[in-house]
Structures are given as C-alpha cells and as structure tokens.
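Thanks, everyone. Let me put the sequence and the structure up before I start.

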Amino acid sequence: MSEVLIRADHLARRYDVRRGMFSAKATVKAVADASLTVSQGRTLAIVGESGCGKSTLARLLAMIERPSDGKLVITGSDVSDGDPAKVRALRQTVQMVFQNPYGSLNPRQKIGAALEEPLAITTNLPAAERRARANDMLAKVGLRPEHYHRYPHMFSGGQRQRIAIARALMPRPKVLVLDEPVSALDVSIRAQVLNLLADLKAEFGLTYVIISHDLAVVRHVADDLMIMYLGRVVESGASAAIFAAPKHPYTQALLSATPVADPRAKRNRIRLEGELPSPISPPSGCAFHPRCRFANDRCRTEQPAATISAGVTVACHAVAEGRI
Amino acid sequence: MPLLDIRALSVDFTTARGPFRAVDHVDFAIDPGDVLAVVGESGSGKSVAMLAVMGLLPWTATVTADRMTFDGRDLMAITPEARRKLIGKDIAMIFQEPVASLNPCFTVGFQIEESLATHMALDSQARRARAVELLTSVGIPEPERRLGQFPHQLSGGMCQRVMIAMAISCAPKLLIADEPTTALDVTIQAQILDLLVALQKQTGMALVLITHDMGVVAETARRVVVQYAGEQVERQVVDGLFASPRHPYTAALLAALPEHAKGARLASIPGVVPGQFDKADACRFAPRCARADDKCRTVKPPRQPANLGEALCHYPLSGGAA
C-alpha cells in the first residue's frame with residue numbers, strides 16, 4: 001500500500017448567505033459530508049454537476065479554505081483547524097491549477113516572474129538559480145525559453161494552461177489539485193494538455209486530484225472516482241469498476257446522459273427529470289430522491305449511509321436494500 | 001430545392017490590425033427537415049457563417065456570396081424591413097448563454113409574447129394562451145406561473161427552454177442552435193438535446209446545430225460539416241464521418257477524443273489553430289498535418305468528390321483509418 005497523502009473524514013464547508021435586508025440569514029452547505037483518501041501516485045477524479053460542491057472540496061483540499069467540520073490530514077499533519085503555520089508549511093506540498101487560464105495569471109506579470117514568485121516566497125534560492133529552475137520548467141511543459149519574457153495575453157488558452165501548470169509545479173509539490181483543467185480548451189489542445197499531465201505525473205511522481213464534469217476525460221485519466229451530488233458523495237471507488245457497473249441511480253443517469261462520439265453506439269439513456277435542487281434548502285432524506293426512479297418513503301425521510309461492496313462505496317437505500 | 005442555399009459565402013472583418021477573413025467560401029444546402037451539425041474549434045468561423053444568414057453581424061463585417069437564398073428569397077438583396085419579417089419567424093436562432101440571451105428587465109412571458117406580437121396577428125389573450133402552450137411543449141412545469149417570472153428566477157436549463165420556446169413560437173422553417181448546451185450540465189444537456197430532436201421531428205423544421213462536441217454531433221445530427229480556420233474541410237453524413245473520416249483534420253480530431261484513446265496517451269494534434277496572421281497560404285491545415293508535403297504547402301487543395309467526404313485536401317484518407 002502506498003503512502004496516504006490526503007485523508008479527509010466527514011469534511012464539511014458551510015457558507016452563510018444573506019438573502020435580502022429583512023430575511024434571515026441562510027446557510028449553504030456547499031460540502032455537507034465528504035470523506036476520501038488520496039494515495040501517492042494515484043489520480044482521484046471528483047465528478048458532479050454544478051452546485052455539487054466539487055470545487056469547494058478542491059479548495060478545502062488545497063487549504064485555500066478551512067473546513068467548517070470534519071478532519072483533514074495532509075501528509076500526516078492535521079490541518080482541520082487551519083493553523084496558519086501548519087498550512088504555510090504544507091502549501092508547497094499541495095498546489096492548485098484553476099479552471100480558467102485567462103483569469104489565473106496576472107496580466108501585468110511576465111511569465112518568468114510568475115514562475116519564480118513561488119520560489120522567491122518559499123525558498124531563499126539566489127536569483128540565478130530561480131531563473132534556471134523557471135527555464136527548466138518552461139521546457140518541461142513544452143514552452144520555449146523566449147516565452148520567459150512574455151506576458152500572459154501573448155499566449156493561447158492551451159499555452160496559458162501550460163504556464164499555470166508550470167507555476168503550480170515550481171515549489172515541487174507532491175499533490176496537484178486541478179479544477180477543470182481542460183474544460184476551457186478545444187479538443188485538439190485538450191489532448192495535448194492531458195498528455196502533458198500524464199508525462200509530468202510520471203516524471204515528478206505526482207499525485208492528482210482532478211475536478212471535472214467531463215466523463216470522457218475522467219475515464220481516461222482517473223484511477224479512483226468520486227461522484228458528488230448536492231455536497232455529498234454518492235458513489236466512490238476504483239474508476240474502472242464504477243464505469244463498468246455504476247450502482248447509484250445518479251451515477252447511472254450521469255453516465256448514460258454523456259453523449260458518446262459514435263453514431264452507431266446503442267443509446268440507453270436514463271432521463272433525469274427536473275433540475276438540481278438548491279443547496280440552501282436541500283431535499284429531506286436522500287438529496288437525490290426527487291429525481292430518482294427508485295425513491296420510496298424511506299428515501300424521502302432518511303439520509304442513506306455509505307455502504308461498501310466490492311471496493312465501491314455507495315450511499316443509497318435502494319442499493320443497500322437490493323431494490324436495484 | 002434546398003430551404004437554405006448558400007454558395008461561396010465569405011465574411012471579412014475590418015480589424016484595427018487589418019482585414020481578417022473569418023469565413024472563406026463555405027457552401028450550405030439545407031433541405032426542409034434536415035439536421036446538420038457544424039463542427040469546429042474556436043475561431044473556425046462556425047458561428048459567423050450562421051450569423052451572416054441571420055444578418056446579425058456588426059458593421060465591420062463584409063459578407064460576400066455567389067448565392068444566399070432562403071426559401072427562394074435572396075438574402076443578399078433583401079431589404080432590412082423584409083429581413084426583420086423573416087428572421088425570428090421563419091429562421092430562428094438560440095444561443096450558447098441562455099441567461100445572457102434573455103432580457104433581465106422583462107418577464108419571460110413578455111419576451112415570448114413580444115415575438116408573437118411582432119410576427120403573428122394574435123390578440124393579447126390568444127398570445128397568452130399560445131405562450132402557455134409553448135412553455136408546456138418545451139417541458140416547463142407550471143407554465144402560467146413561470147410566464148410571470150424574470151430570467152434570474154430560472155435556472156440555466158429553464159432559460160434555455162424559454163429560449164427554445166421563443167424560437168419555435170412562430171413555427172420556424174429553420175432553427176439555428178449555436179452551442180445550445182455548452183453552458184449546461186450533463187443531465188440538463190441530455191434533456192435539452194432530446195427536446196430539440198423531438199421538436200425537430202414533430203414540426204419538420206430544419207435544424208442547424210453548431211457545436212464543438214463530437215458526442216453531441218454523433219447523437220443528434222444527420223449530416224456534418226467540419227470547419228477549420230474558416231474553411232469547410234469535410235462534409236459527410238454522420239455515420240460516414242465517424243466510420244471513415246476523409247480529411248486528416250477530422251481524423252485527428254476524432255482520434256484526440258479521450259474515449260478513442262489507445263493506451264495512456266492521446267493522439268494529439270501538434271500546434272494551435274491559426275490566428276489572423278499565421279494562416280497558411282495553401283492548405284490551412286498543412287502546418288499541423290502529419291501527411292503534408294510540399295504540394296500541400298504551395299498549392300490550394302481541391303474539393304474531393306462526395307464519396308471522399310468532399311474533403312478539402314490533396315491526399316484524402318482512403319478509408320479504414322480512424
């Protein structure tokens with residue numbers, strides 16, 4: 001068993017929101033209850049639709065936000081309380097790449113300076129050494145040395161995502177949290193960036209946590225898979241096992257709703273009725289029950305507990321009772 | 001006779017850094033009841049060609065074409081008044097960002113009834129009844145209550161349903177959907193695509209679907225046009241395109257999909273989509289093409305016959321390669 005880098009137990013993150021001058025404050029449970037472990041060298045993919053809390057979870061794992069509840073252990077030290085000293089020490093271990101490469105680079109900072117900044121903050125390497133490392137990293141992500149002196153607006157979307165990845169790798173992290181790393185990119189560029197991520201993972205022995213809604217991408221890259229719905233994990237386990245035989249009704253619907261690029265493929269689409277409920281007032285019992293074909297009275301009142309069978313964890317009454 | 005017949009349509013933009021040809025000699029022949037997908041990456045000009053048909057391009061654009069007719073009427077010579085009678089009625093369009101396409105200051109009911117008031121001779125009660133009927137047909141529950149709501153009170157999927165209701169309100173002969181599901185979640189995307197296909201079958205209108213998602217193409221379209229750097233590089237029926245792509249770009253695009261990956265690496269296309277100043281002179285795809293030779297770099301490629309996917313290529317793939 002390889003080393004466990006991130007362990008999260010019943011992680012939760014709540015936000016207070018104002019809903020106008022006279023109404024009471026409401027609480028959004030962006031992440032209601034999520035547990036996971038990430039082991040060295042694996043790729044964990046977190047999948048779900050908008051509002052399911054996958055990006056919030058990514059920000060918790062990258063220690064950008066503090067969990068409201070639960071326990072988060074990163075490489076053996078407990079950072080649940082968000083102690084600034086501990087978090088600062090671990091920042092270099094977990095780095096994050098954001099979805100929008102246009103928004104995540106400072107437009108007035110040259111690429112070289114952007115790459116060197118993490119080193120200037122966290123190390124006391126001399127300037128020449130920082131520069132050498134930045135040039136090294138540019139080459140590793142497939143950019144040319146002359147790009148060192150350029151500004152972000154002079155690059156295409158794919159190149160900018162390469163720069164964002166290079167910058168995240170500068171402090172030599174063990175874990176890279178990638179929030180929708182390729183969803184803003186065109187098909188041909190997406191393939192280039194996915195290949196680059198695979199190369200870098202092999203070269204630096206990295207561990208990835210990838211947030212995505214694109215199941216074709218996830219199927220290609222992930223070892224482990226976690227599907228979220230309204231702040232809770234509905235199914236998690238080995239990616240191949242879940243793609244082969246999804247158990248939770250939501251996972252089944254999500255997989256069948258994804259268009260397949262093959263006109264001869266047999267379509268057996270499970271149509272989900274209705275929309276995602278608001279996380280301010282999630283449905284009682286199982287959050288998925290208003291859209292579920294298998295819902296009964298127990299689903300409407302009682303929160304399903306996670307059960308493990310054949311290495312896959314599923315939170316569903318219907319599965320536990322053998323109704324599916 | 002095709003419903004929409006376009007020959008050699010080009011669109012040039014005047015930019016601060018000189019002229020830019022976004023669309024270069026494209027042809028469309030769309031029959032009534034046809035479902036055509038236009039596929040391409042960003043900057044391939046797939047939206048601009050359709051905006052030219054709608055007359056929605058800014059003044060910096062110059063549209064030239066040998067022929068551009070809709071339902072027998074010449075769209076090049078049409079007066080602005082006559083065009084306004086046509087678009088929104090016989091040709092309708094829905095856009096990528098449903099929330100941004102609706103006016104936030106008016107209720108959805110007002111906005112649906114506005115197009116009915118413009119194009120149909122209906123009194124206000126008949127318009128309200130028709131609006132309720134339209135919302136029901138696009139699958140919106142409690143249509144009477146929704147009519148009184150503003151766009152910000154609806155989800156993205158609901159707003160796209162409202163946009164579709166507005167588009168089909170006057171029973172158009174042609175519906176152009178520009179990336180209708182790109183901004184939506186997977187399960188909502190499935191709902192909207194099913195709705196569009198069902199409405200198309202029901203009404204017999206022609207549907208043009210502009211998208212970059214090969215999965216969406218495979219599941220909805222009958223014919224496909226692949227666009228690259230403003231040119232149509234391949235035109236085929238959907239089964240043929242996926243089974244045996246003829247243009248190297250189409251083949252590379254399909255091979256780059258993660259679901260077609262063999263092993264850990266994806267077959268990526270080197271380089272980037274050309275911009276305003278680095279378009280190749282002869283074959284636009286030659287700088288990124290593995291099969292390109294000197295002829296590709298110097299001589300404009302010919303249009304191949306229909307059995308070769310009408311590929312714009314000197315050396316179309318002979319089949320079996322995918």
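I'll take the interface, then the pocket, then salt bridges and one arginine.

This is a predicted model: local features need pLDDT of at least 70, side-chain atom pairs count only at pLDDT 80 or more, and totals for chains, interfaces and linings use all residues. Residues are numbered from 1 along each chain as its sequence is written, chains are lettered from A and ligands numbered from 1 in written order, and side-chain values use heavy atoms, without hydrogens and water.

Interface first. Contact means heavy atoms within 4.5 Å. Chain A brings 35 residues to the contact, and chain B brings 41 residues. The buried area between chain A and chain B is about 3300 Å². That is accessible area (1.4 Å probe) lost when two parts are put together, summed over both. Carbon and sulfur atoms give 53% of it.

Now the polar side. I count 14 residue pairs in polar contact across the interface of chain A and chain B, both residues at pLDDT 80 or more. A polar contact is a pair of N or O atoms within 3.5 Å; within protein, one must be able to donate a hydrogen and the other to accept it, and residues adjacent in sequence count only if both atoms are side-chain atoms.

Which helices of chain A each supply at least two residues to the side touching chain B? Helix 6 (187-204), helix 7 (215-221) and helix 9 (249-257). Helices here are DSSP runs (H or I, at least four residues), strands likewise (E, at least two), numbered from the N terminus. Helix 6 gives the largest share, nine residues.

Next, the largest pocket. Its space is about 1200 Å³. Of the 48 residues that line it, the closest to its centre are A:S183, A:H213, A:D214, B:T182 and B:H212. On terms: a pocket is an open set of points on a 1 Å grid over the protein atoms alone, where a 1.4 Å probe fits, with protein on both sides within 12 Å along at least five of seven lines; lining residues have an atom within 4 Å of a point. Grid points are joined across faces, edges and corners, and the volume is the space filled by probe spheres set on them.

Salt bridges: a side-chain nitrogen of Lys or Arg within 4 Å of a carboxyl oxygen of Asp or Glu. Three lie between chain A and chain B. In B:E219 with A:R269, the closest N and O atoms are 2.3 Å apart.

Last, B:R127, in helix 5 (residues 124-137) of chain B. Its side chain reaches the backbone oxygen of B:L122 at 2.9 Å. B:R127 also touches B:E113, among others.

Key. Lists of a residue's contacts leave out its neighbours within four places in sequence.
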